[in-house]
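Thanks for coming. Please have a look at the screen.

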Amino acid sequence: MKLLLCMVVIGASLAVGLWLSMRLSERTKLLGSYITLLQEVALKMTYTSDSLAKLFADNFAGYPFTDKKPFAEQFTEMTRRYQGILSAEDCGILEDFSRGLGDSDTGTQLKHIQLYTGLLTGQRNKAQQAAEEKGRLYRILPRESPPQFY
């Protein structure tokens, strides 16, 4: 019975460790997707005069942007889908991004996108570093020392 309980504890901790490790790498991938999205929008914005809703329509999440609602509200809704993956700081940066976009001329908006692409790149680098350091720890820790029952 003790052996079975020990195996269950080790198996559960291994599963939790793998889940936490995968969550860290998901954050890195998601931030990379946001960076790619912003770069694509900046490119489209340079060559077209479409609305923000139309520019963001082909996003990675498939969120249906429309011209009927404010862009900042829609972008925040799309970002809130990932609150479980993104950190509070990531969500704050993305919400700040959406509030300032669309209020000025194209050149200023492109600079705005470039600024936030740089901020998100920094966040992605931090997330990647955390995934490398903590992800390995989460996967190894459960196997190190199984509990002893007497």
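T46 counts as partly exposed, because its relative accessibility is 45%. For the cut-offs, buried means under 20% relative accessible area, exposed means over 50%, and partly exposed is in between, with a 1.4 Å probe and protein chains only. T46 lies in helix α1. Helices here are DSSP runs of H or I with at least four residues, strands are runs of E with at least two, and both are numbered from the N terminus. From T46 to G107 the C-alpha distance is 8.5 Å, while in sequence they are 61 residues apart.

A word on the source. This is a predicted model, in which local features need pLDDT of at least 70 and side-chain atom pairs count only at pLDDT 80 or more, while totals for chains, interfaces and linings use all residues. Residues are numbered from 1 along each chain as its sequence is written, and side-chain values use heavy atoms, with hydrogens and water left out.

Now the overall layout. Of its 150 residues, 33% count as buried. Contact means heavy atoms within 4.5 Å. Taking the contacts with a separation of 6 or more, 60% are between residues 24 or more positions apart.

Next, a second residue from helix α1, namely L37. Is L37 buried or exposed? L37 is buried, because its relative accessible area is 3%. Not counting residues up to four places away in sequence, L37 touches F56, D58, N59, F60 and M78. L37 and L55 are 18 residues apart along the chain, and their C-alpha atoms are separated by 9.8 Å.

For contrast, take K54, in helix α2. K54 is exposed, because its relative accessible area is 54%. Its C-alpha atom and that of P64, 10 residues apart along the chain, are separated by 9.4 Å.

On to the core. A nonpolar core is a set of buried Ala, Val, Leu, Ile, Met, Phe, Trp, Tyr and Cys residues joined through side-chain atoms within 4.5 Å. In soluble globular proteins, nonpolar side chains tend to be buried together. The largest nonpolar core in this model has 29 residues, and Y34, F56 and F75 have the most contacts inside it. Two or more residues each come from α1 (2–47), α2 (52–55), α3 (71–80), α4 (88–100) and α5 (106–144). Which helix gives the most? That is α1, with nine residues.

F75 is worth a look by itself. Leaving out residues up to four places away in sequence, F75 touches Y34, F56, F65, L94, F97 and S98.

That brings me to the aromatic rings. Rings of Phe, Tyr and Trp (its six-membered ring) pair if their centres lie within 6.5 Å; planes under 30 degrees apart count as stacked, over 60 as edge-to-face and the rest as tilted. How many aromatic pairs does the structure hold? There are 10. In one of them, the rings of F56 and F71 have centres 4.8 Å apart and planes at 45°, so the pair is tilted. This pair links distant parts of the chain, since F56 is in the loop between α2 and α3 and F71 is in helix α3, 15 residues apart. F56 counts as buried because its relative accessibility is 0%, and F71 counts as buried because its value is 11%. Ring pairs link Y34, F56, Y63, F65, F71, F75, F97 and Y116 into a cluster.

Last, the helix pair. α3 and α4 pack at an angle of about 160°, with their axes 8 Å apart. Axes are lines fitted to C-alpha atoms, for helices over the stretch in contact, and angles run from 0 to 180 degrees between N-to-C directions. α3 and α4 are therefore roughly antiparallel to each other, a label for angles over 145 degrees, where under 35 is roughly parallel, 65 to 115 roughly perpendicular and the rest oblique. The contact is made by F71, A72, F75, T76, T79 and R80 of α3 and C91, L94, E95, F97, S98 and R99 of α4. Within that set, T76 counts as buried because its relative accessibility is 11%. Leaving aside neighbours within four places in sequence, T76 is in contact with E95 and S98.
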